[in-house]
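Here are my notes for anyone opening this structure for the first time. Have the chains on screen while you read, and go point by point.

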Amino acid sequence: MTVTAVDKDIDQLTMRMTAEFAATPERVWRLWADPRQLERWWGPPAWPATFTEHELTPGAHSAYHMTGPNGDEAHGWWEIVVAEPPQSLAFRDGFANADGTPDPKMPTTEATVTIEAIGDGKTRMVMSSRFPSREAMQQVLDMGMEEGLREAIGQIDGILAQDPV
Amino acid sequence: MLTATTLSPGTWPDPDRVFAALADTTRRDIVWRAMTGDEGVVELSAHYPMSFAAVQKHIAVLERAGLVTKERIGRRKVVRSNVEAIRMAQRMLDRYEQLWRDRIDRMAVLLEEPIDAGSQTAAGSQTAAGSQTAAGSQTAAGSQPTGVDQPHKETDR
């Protein structure tokens with residue numbers, strides 16, 4: 001399995017997930033750095049993401065939207081806090097209005113990502129994500145982010161079989 | 001309606017209170033012990049190096065969050081955990097975990113694409129690389145788009 005450990009801390013409102021990939025750290029970094037790659041995994045299949053601005057430089061802002069089955073768009077932003085290719089990334093992720101401006105009423109999550117080679121051509125990625133409050137967590141989850149999770153699992157096999165390059 | 005029959009309004013879990021209540025080691029321990037629901041406040045307080053009053057306060061916080069209830073059994077009052085409220089807290093994190101598990105699965109799929117699409121799945125290999133020798137530790141022909149590539153440098157600011 002790709003995911004090797006999950007550590008959920010109710011008290012810190014933090015989730016840490018460890019995954020191992022058969023790829024180099026540089027290649028894994030590209031999943032985050034290249035917007036065309038990023039948009040292929042960030043949104044669930046039913047809500048594909050489009051990144052209109054994205055550059056991993058501290059202080060930079062990314063803009064993206066996810067498009068739902070009915071054409072609804074959910075806008076979001078990132079603010080890059082740390083970017084040290086290929087091993088370290090930290091950013092804040094929040095919701096935005098339709099014009100891309102951050103929506104201050106909506107919560108933001110803080111994510112940190114560390115990427116390191118573990119030999120054998122493999123790379124370990126540790127992603128940890130923290131909510132500012134329990135309400136924020138509830139809100140994020142209620143935003144329909146889990147919609148399509150079920151089908152997501154099914155679609156992975158589809159992607160694998162298709163080789164959509 | 002359904003829940004109203006199983007939970008009185010006072011015990012209905014409010015997410016904010018639930019998490020705030022659980023943000024303390026002693027209180028989490030109390031919730032754990034109260035799963036069996038056979039100890040009263042006095043017995044519970046014996047487990048902790050703090051005053052009876054302090055433990056009582058912790059229990060009051062848990063009660064307000066709907067995480068525990070006090071029930072009268074004969075002449076005693078026992079503290080019992082509200083399993084439903086605890087499940088709710090857990091479910092929220094579970095959903096988030098699933099979100100990221102799915103993302104990581106999709107990442108793994110992408111990682112299989114450029115470098116060695118061969119290996120195990122392959123089968124339909126129309127991949128340009130041709131010969132499915134794979135295995136080759138010498139990353140086949142110049143097809144490997146690493147650093148140099150840097151697609152999309154939208155330096156507009």
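1. How many of the nine residues of helix α1 (residues 25-33) of chain A are buried? Eight of them are, so to speak, under cover, and the helix is mostly covered. "Buried" here is a count: 20 or more other C-beta atoms, placed from the backbone, lie within 10 Å of the residue's own, while 12 or fewer makes a residue exposed and anything in between partly exposed. The buried residues of α1(A) are Pro25(A), Arg27(A), Val28(A), Trp29(A), Arg30(A), Leu31(A), Trp32(A) and Ala33(A).

2. Some housekeeping before going on. This is a predicted model, in which local features need pLDDT of at least 70 and side-chain atom pairs count only at pLDDT 80 or more, while totals for chains, interfaces and linings use all residues. Residues are numbered from 1 along each chain as its sequence is written, and chains are lettered from A and ligands numbered from 1 in the order in which they are written.

3. Now chain A as a whole. It holds four helices and eight strands, running β-β-α-α-β-β-β-β-β-β-α-α from the N terminus on. These elements are DSSP runs numbered from the N terminus: helices are H or I with at least four residues, strands are E with at least two. Of the 165 residues in chain A, 28% are buried. As for contacts (C-beta atoms, placed from the backbone, within 7 Å), residues 24 or more positions apart account for 40% of those in chain A with a separation of 6 or more.

4. Next, the sheet. Eight strands of chain A form an open sheet in the order β1-β2-β8-β7-β6-β5-β4-β3, with antiparallel pairing; strands pair if DSSP finds at least two bridges between them. At the edges sit β1 (3-9) and β3 (49-53) of chain A, each pairing on one side only. From one strand to the next the twist averages 20 degrees. Angles like this one run from 0 to 180 degrees between N-to-C directions, with axes fitted as lines to C-alpha atoms, for helices over the stretch in contact. Helix α1(A) packs on the sheet and touches β2, β6, β7 and β8 of chain A, with its direction at about 160 degrees to that of β7(A).

5. Look at the β3 side of that sheet. Four bridges join β3(A) to β4 (residues 61-67) of chain A; Phe51(A) is partnered by Tyr64(A), and Ala49(A) by Met66(A). Seven bridges then link β4(A) to β5(A), again antiparallel, with Glu79(A) as the partner of His61(A). The hairpin of β4(A) and β5(A) has five residues between the strands, and Gly71(A) there has a positive phi near 85 degrees.

6. Two loops deserve a backbone check. Between β5 (73-84) and β6 (88-96) of chain A you'll find Pro86(A), and the peptide bond from Pro85(A) to Pro86(A) is cis, with omega near 0 degrees. In the loop between β7 (108-119) and β8 (122-130) of chain A lies Asp120(A). Its phi is near 65 degrees, positive in a residue other than glycine. Asp120(A) is exposed, with 8 other C-beta atoms within 10 Å.

7. Which residues touch the most other members of the largest nonpolar core? In this core of 36 residues, they are Phe21(A), Val28(A), Leu31(A), Trp32(A), Met125(A) and Met107(B). A nonpolar core is a set of buried Ala, Val, Leu, Ile, Met, Phe, Trp, Tyr and Cys residues joined through C-beta atoms within 7 Å. At least two residues each come from β2 (14-21), α1, β5, β6, β7 and β8 of chain A and from α6 (83-112) of chain B. The largest share, nine residues, is from α6(B). Beyond its neighbours within four places in sequence, Leu31(A) is in contact with Gln37(A), Leu38(A), Trp41(A), Met107(B) and Leu110(B). Apart from this core lies another, of 17 residues, including Val18(B) and Ile30(B).

8. Finally, chain B. The buried residues of α5(B) are Val55(B), His58(B), Ile59(B) and Leu62(B). They lie on the same side of α5(B) because they cover an arc of only 95 degrees around the axis, taken from the directions from the helix axis to the C-beta atoms. After α5(B) comes Gly66(B), with a positive phi near 75 degrees. Further on, six bridges join the antiparallel strands β1 (residues 68-73) and β2 (residues 76-81) of chain B. Ile73(B) stands opposite Arg76(B), and Gly74(B), in the two-residue turn of this hairpin, has a positive phi of about 60 degrees.

Key: Two residues are in contact if their C-beta atoms, placed from the backbone, lie within 7 Å.
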